[in-house]
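Here is a short report for a reader new to this structure.

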Amino acid sequence: MNQIGPKISRLILGVRFPEWSIPLALLGALGLAFGLLIPRLGVYQDDWLFFYNHYALGSEGINEFMYYDGTPFAAYLNNALFLLLGHAPLNWHLAALLSRWLTVVSFWLVLRRLWPAHPRQTFLSALIFGLHPFFNLQPLAVTFTHVWVSYFLLGLSFYWMILAAQKPERYWLYTLLSLLAGAGNILSGEYFAGLEFLRPILLWFALAGRNLAPKERLLLALRSWLPYLLAFGVYLYWRFFIFELPLEKRNSPVLVAALLKNPLAGLGLILINLIPDTVLIVLSSWYKLLEPGWLDLTVRINQGALLLALCAGGWTFYYLNQQKFNVAQTGPRVNWPLQALFLGISIVVLGLIPPYVGGLFLNAKNPLWNSRFGMASLLGASLIVVALLELLVTSSKARTILLAALVGLSAGWHLRYTNDFRRAWEKQVNFYQQLAVRVPALAPNTAFVAEGEILPLMGDYPTAYAINTLYARQAAAEPGRMPVWFYGITTNFSRDYEEFLQGMTLYTRHRSMVFKGNSHEILLFNFEPEKGECLHVIRPQDSGARTLPDRLRAVSSLSALERIQAGSGFSTFLSEELGVQPAPGWCNLYQRADLARQSGDWEQVIRLWKEARQAGLEPNDNFEYLPFLEAYLYTGQPEQALKLSALAAKAPPSMQPTVCEVWQRAFRETPASVEMQAAFQQVKKNLSCSEN
């Protein structure tokens with residue numbers, strides 16, 4: 001028995017991982033960081049733009065969408081991905097993870113060809129590249145799958161270009177493959193266009209083993225770059241001199257125009273942003289891994305993130321110690337840290353060219369959404385991290401521990417923010433489930449209006465695209481026109497509030513889509529499930545409902561419930577594509593009752609109340625008693641109404657005057673009766689109703 005422990009230790013320490021296991025190790029690391037919550041993730045932000053255009057308008061919708069994005073050739077890749085993946089979120093999240101992994105592996109191969117005598121450092125650089133904490137939009141799977149595929153094609157292009165330089169006997173074969181992959185990259189997006197200028201540097205490094213004089217090596221590197229420079233030049237000529245940008249002028253070269261107009265001012269603008277952006281990518285992005293809030297272990301996600309960090313970090317330490325790296329015995333010996341620093345800084349700077357050309361600076365915008373502009377710089381930032389540790393930490397074991405800790409903390413960070421996306425998707429699903437019941441069909445040119453943004457990690461226009469997708473009918477979709485839009489009063493009408501109240505034309509153009517409506521043809525609603533509330537479609541009669549936000553009460557008279565139509569206007573997208581069905585429970589029952597109240601079907605409302613009582617369901621928000629209270633009042637059942645009034649007015653105190661107003665309105669609108677008069681007097685006494 002005493003010998004079991006030593007045997008297990010010898011077994012564990014005796015394991016050796018061959019180099020071919022590195023791609024699998026990278027897949028495992030990315031799977032831990034990004035894959036654990038994939039089954040519970042959904043569709044976010046610009047993902048909905050892709051879904052709407054493809055679902056409502058088909059492949060032509062994607063063609064037009066990409067044209068207005070300024071990248072028309074990307075439509076081919078996106079249409080192919082939709083053909084392969086459909087609209088199931090799970091498929092897209094798996095594809096995004098797979099394409100990210102392929103990207104990491106392709107650049108690991110690039111680094112391995114450049115520095116064959118430094119396999120440990122190249123593996124670590126690739127591992128940090130795969131888990132770098134700067135880019136935090138991986139859950140936007142539809143938006144970024146084609147971007148990762150484009151990145152992968154660039155990695156393949158670099159790899160084949162290096163092989164062409166190192167194996168001159170197959171120069172034309174590898175050059176042709178590299179040009180094709182490079183064309184696929186640049187035509188499917190411009191995120192990585194700046195890295196085209198990295199090619200001569202890579203070729204210089206790749207030719208180190210050819211025993212060439214420096215001048216001869218430089219000339220050969222430049223000659224080898226010429227086919228790529230020519231191809232890139234043809235693309236730039238087409239992009240800036242032939243291709244006509246749409247009216248919205250997205251991705252236009254505004255900084256180039258500024259440089260031509262005033263070179264000194266343009267260069268100054270670049271320099272004052274380049275330094276903070278470089279620091280933001282290379283250094284600042286690591287600070288968030290140690291935010292004090294993440295150390296609160298009473299929070300469940302922090303417990304999971306800490307466990308994941310320990311597992312990922314521990315596995316990395318073990319793998320590095322047990323990896324049997326194949327160190328090349330031939331070829332030149334180089335000062336790897338200095339070369340890696342030079343290449344890393346070059347990648348960071350060149351990677352920022354595309355956003356800078358468009359006048360976009362990372363430090364000046366929302367750090368969450370702007371992290372996409374740093375994707376091209378991430379390999380460089382990772383090389384800088386590994387190279388600095390090589391220079392500053394002399395102990396190999398200490399370096400291994402530090403790098404394993406960075407890997408673990410990065411994996412935990414990705415789990416934390418991915419959990420925010422998981423929660424955001426749960427709120428989206430909750431909204432769509434209730435919306436499908438409460439607003440089964442809708443008159444065209446209707447605007448949904450809330451106090452502000454209602455869905456986290458979305459925004460106004462993505463919410464509008466999501467709602468349009470849910471109401472889309474592919475056969476009846478009208479190209480260029482959106483039947484529905486979403487607005488927040490505080491986010492869209494702060495300056496035009498008075499005009500909004502009086503009745504203003506609502507006009508919104510987004511990419512190729514246009515919405516036209518009127519502020520007197522809107523549906524007002526409130527959605528705060530975190531407070532235990534259901535979706536509340538607000539009626540003109542709710543102006544006195546003090547539990548509603550003041551801004552919504554003030555404009556409640558504009559809510560045009562007649563825009564809600566009978567039948568089923570919802571497309572099959574919600575049920576068949578997303579797999580989301582109306583959820584049983586109180587909110588489902590409440591929405592059915594509120595819809596029946598709208599049509600005056602009081603008997604149905606009462607049946608639903610009895611169904612709720614039998615199922616033991618009741619609201620968390622007493623505002624939701626009101627449809628049932630009104631049903632008993634308008635059907636001449638004041639005794640039941642008294643019981644519901646006591647429940648509804650129990651809390652919060654602001655519900656008491658609201659219940660009083662319901663009674664007063666019903667008393668005016670229903671036939672007089674002795675029973676109703678007596679009950680009304682009892683309510684006024686119990687709730688201290690003011691005389692009206």
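## The Cys534–Cys587 link

Cys534 and Cys587 are joined by a disulfide, with their sulfur atoms 2.1 Å apart. A disulfide here is a pair of cysteine sulfur atoms within 2.5 Å. The pair connects distant parts of the chain, 53 residues apart. Cys534 sits in the loop between strand S6 (522-526) and strand S7 (536-537). Cys587 belongs to helix H25 (residues 586-598). Helices (H or I, at least four residues) and strands (E, at least two) are DSSP runs, numbered from the N terminus. The torsion about the S-S bond of Cys534 and Cys587 is about -90 degrees, so this disulfide is left-handed.

This is a predicted model: local features need pLDDT of at least 70, side-chain atom pairs count only at pLDDT 80 or more, and totals for chains, interfaces and linings use all residues. Residues are numbered from 1 along each chain as its sequence is written, and side-chain values use heavy atoms, with hydrogens and water left out.

Cys587 is partly exposed, at 22% relative accessibility. Buried means under 20% relative accessible area, exposed over 50%, and partly exposed in between (1.4 Å probe, protein chains only).

## The Cys660–Cys689 link

A disulfide also joins Cys660 to Cys689, with an S to S distance of 1.9 Å. This pair too links distant parts of the chain, 29 residues apart. Cys660 is in helix H29 (residues 655-669). Cys689 is in the segment after helix H30 (674-687). The link of Cys660 and Cys689 is left-handed, with -75 degrees about the S-S bond.

Cys660 is buried, with a relative accessible area of 4%. Cys689 also counts as buried, at 11% relative accessibility.

How many disulfides does a search of the whole structure find? The search finds 2. With the bonded cysteines numbered in sequence order, the pairing is 1-2, 3-4.

## Helices H6 and H7

Helix H6 (residues 89-114) packs against helix H7 (residues 119-131) at an angle of about 155 degrees, with their axes 9 Å apart. H6 is therefore roughly antiparallel to H7. Axes are lines fitted to C-alpha atoms, for helices over the stretch in contact, and angles run from 0 to 180 degrees between N-to-C directions. Angles under 35 degrees count as roughly parallel, over 145 as roughly antiparallel, 65 to 115 as roughly perpendicular and the rest as oblique.

Which residues meet in this contact? On the H6 side they include Arg100, Val104, Phe107 and Trp108. On the H7 side, Phe123, Ala126 and Phe129 are among them. Contact means heavy atoms within 4.5 Å. By class, the contact of H6 with H7 has 8 nonpolar, 4 polar and 2 charged residues. Ala, Val, Leu, Ile, Met, Phe, Trp, Tyr, Cys and Pro count as nonpolar, Asp, Glu, Lys and Arg as charged, and the others, Gly among them, as polar.

Asn363 lies in the loop between helix H16 (353-357) and helix H17 (367-370). Asn363 is partly exposed, at 37% relative accessibility. Not counting residues up to four places away in sequence, Asn363 touches Asn273, Pro276, Asp277 and Leu280.

Ala164 lies in helix H8 (residues 141-166). Ala164 is buried, at 3% relative accessibility. Leaving aside neighbours within four places in sequence, Ala164 is in contact with Tyr171, Tyr174 and Thr175.
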